[in-house]
Amino acid sequence: GPAGKVVAVEPNPDMAAILRQALNRNHANTVVVAECALGDEAGEVELRVAPRNVGASRLAIRGVTSSEQEFGSLLSSLTTVSLAHDTFGKAEESHDVGNEQLLHSVEMRTLDDLVAEHGLPKLVKIDIEGAEYLCLKGAKKLLSGGFGPQPIISMEYSNLFPTFGGKREDAFNLLIEQGYAAYRMRAGKVHGGDFLEVSDPDKAPDHDDLFFIPATKMEDVAR
């Protein structure tokens, strides 16, 4: 609503420019664009942009444990959803990221730093091609309640996590340790449905959105 605020994080400078133009045209004054990547520390990193599939753009930073070819294979194995008008919401084959990739040097900030600047969010949506755990590691104060009430975390949970080092369940366990409970939608992120609890990382879907909800907000979600 008009009293709300959205902080949209976009590290790709070309996409950030397009987003700002769209927001200006639509007088979306409650949306702020933060042109940066999010990770576990502040600094400068390279962003790999695949022109054939901009949505597959990802950080190219220290700690990557698999090659870009392996990443492309993993990405191609995931289910993607059509955004075309006549086939919206239907599963389709993934687009290969291709060999041609552009490199952009971009600023990386932590989520804690962003919250300190823009204020405490009620909801955080994270979908950053396998770097979700790095983002969470840069949000220790936020997730522990250091800024105030813990926000709901909506996160794409996938097999891409280990490509930045560590194990797939690390992100899940980090949030559980902070008092969160994990949920998925019965029919997946495309078709929705009621929430089902995911009590163990081994029971989490291979590639879907998970919602991590703090105990203090479960009643609000139930309503």
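**Salt bridges and a buried aspartate**

Biologist: Let's start with R109: buried or exposed?

Modeller: R109 is buried, with a relative accessible area of 12%, where buried means under 20%, exposed over 50% and partly exposed in between (1.4 Å probe, protein chains only). Please keep in mind that this is a predicted model, in which local features need pLDDT of at least 70 and side-chain atom pairs count only at pLDDT 80 or more, while totals for chains, interfaces and linings use all residues. Residues are numbered from 1 along each chain as its sequence is written, and side-chain values use heavy atoms, with hydrogens and water left out.

Biologist: OK, and which side chain does R109 meet in a salt bridge at 2.6 Å?

Modeller: That is E117, with the 2.6 Å taken from N to O; a salt bridge here is a side-chain nitrogen of Lys or Arg within 4 Å of a carboxyl oxygen of Asp or Glu. E117 is partly exposed, at 49% relative accessible area, and a network of salt bridges links R109, D113 and E117.

Biologist: How many salt bridges does the structure hold?

Modeller: The structure holds six, and one of them joins the side chains of E35 and R20 at 3.0 Å, N to O. This pair links distant parts of the chain, since E35 sits in the loop between β2 and β3 (37-38) and R20 in helix α1, 15 residues apart; helices (H or I, at least four residues) and strands (E, at least two) are DSSP runs numbered from the N terminus. Both partners are partly exposed, E35 at 35% relative accessible area and R20 at 33%.

Biologist: Which residue pairs with K189?

Modeller: The side chain of K189 meets that of E156 in a salt bridge of 3.0 Å, N to O. E156 belongs to strand β10 (residues 152-157) and K189 to helix α7 (residues 188-191), so the pair ties together parts that are 33 residues apart in sequence. E156 is buried at 6% relative accessible area, whereas K189 is partly exposed at 30%.

Biologist: Switching to D208, what is the nearest side chain of opposite charge?

Modeller: That is K189 again, 5.3 Å away, and D208 is buried yet has no salt bridge (Lys and Arg count as positive, Asp and Glu as negative, and His and the chain ends are not counted). The backbone nitrogen of K189, however, lies 3.1 Å from a polar atom of the D208 side chain.

Biologist: Where does D208 lie, and which residues is D208 in contact with?

Modeller: D208 lies in strand β13 (residues 208-214). Setting aside neighbours within four places in sequence, D208 is in contact with M155, E156, Y157, G188 and K189, contact meaning heavy atoms within 4.5 Å.

Biologist: New topic: what is the phi of H27?

Modeller: H27 has a positive phi of about 50° although it is not a glycine. H27 lies in the loop between α1 and β2 (31-34) and is exposed, with a relative accessible area of 64%. E129 also has a positive phi, near 50°, in a residue other than glycine; E129 lies in the loop between β9 (123-126) and α4 (132-137) and is buried, at 11% relative accessible area.

Terms used. Polar contact = N/O pair within 3.5 Å; in protein donor to acceptor, adjacent residues only side chain to side chain.
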